[in-house]
Amino acid sequence: MSVEELANELENMSKAAPKGELSAITLLFGIKYARELEGMPLKFLALLAGRGESIATEIYKGKKLARYVDVKTEARSELPNPAWPNAGMERRR
């Protein structure tokens, strides 16, 4: 995946995050895309996604956690599919 595609996914996941769980979703992004994030400029990715540079630290933490955790099946089903525009947006209303 390109940095632009990853930034788009981070933006989609952030917008679809349930209220109060944005930090957890950011960590989840790092876990889910750990391999794809290797060598990526995380601060730049965060800015492309419309988030602050400081969020790069949270992405990095998730990337590190990926060695030790798996995404639960229930969480996978709640993640927005990047093929669906504005997936999950209805949950934020």
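This is a predicted model: local features need pLDDT of at least 70, side-chain atom pairs count only at pLDDT 80 or more; totals for chains, interfaces and linings use all residues.

**Entry 1: L37**

I looked up L37 and found it buried, at a relative accessible area of 0% (buried means under 20%, exposed over 50%, partly exposed in between, with a 1.4 Å probe and protein chains only). Residues are numbered from 1 along each chain as its sequence is written, and side-chain values use heavy atoms, with hydrogens and water left out.

L37 sits in helix 3 (helices are DSSP runs of H or I, at least four residues, numbered from the N terminus). Leaving out residues up to four places away in sequence, I get L6, F29, G30, L42, L45, I59 and K63 touching L37 (contact means heavy atoms within 4.5 Å). I also checked L37 against Y60: 23 residues apart in sequence, 8.9 Å C-alpha to C-alpha.

**Entry 2: helix 5**

Next I went through helix 5, residues 55-65, where I55, A56, E58, I59, G62 and K63 are buried. Down the helix axis, these buried residues of helix 5 fall within an arc of 160°, so they line one face (the arc is taken over directions from the axis to the C-beta atoms). What covers them? The cover includes helix 1 (3-16), helix 2 (22-32), helix 3 (34-37) and helix 4 (42-48).

**Entry 3: rings**

I counted 1 aromatic pair (Phe, Tyr or Trp rings, six-membered for Trp, with centres within 6.5 Å; planes under 30 degrees apart are stacked, over 60 edge-to-face, the rest tilted). The pair is F29 with Y33, tilted, at 5.2 Å centre to centre and 45° between the planes. Both F29 and Y33 are buried.

**Entry 4: salt bridges**

I find 4 salt bridges in the structure (a side-chain nitrogen of Lys or Arg within 4 Å of a carboxyl oxygen of Asp or Glu). I wrote up three of them, as follows.

E9 bridges to K32, with the closest N and O atoms 3.9 Å apart. That pair links distant parts of the chain, E9 in helix 1 and K32 in helix 2, 23 residues apart. E9 is buried at 2%, and K32 is partly exposed at 33%.

E11 and K15 form another, at 3.2 Å. Both lie in helix 1, 4 residues apart, about one turn.

E38 and K63 meet at 3.6 Å, N to O. E38 is in the loop between helix 3 and helix 4 and K63 in helix 5, so the pair ties together parts 25 residues apart in sequence. E38 is exposed at 55%, while K63 is buried at 16%.

Methods
Helices (H or I, at least four residues) and strands (E, at least two) are DSSP runs, numbered from the N terminus.
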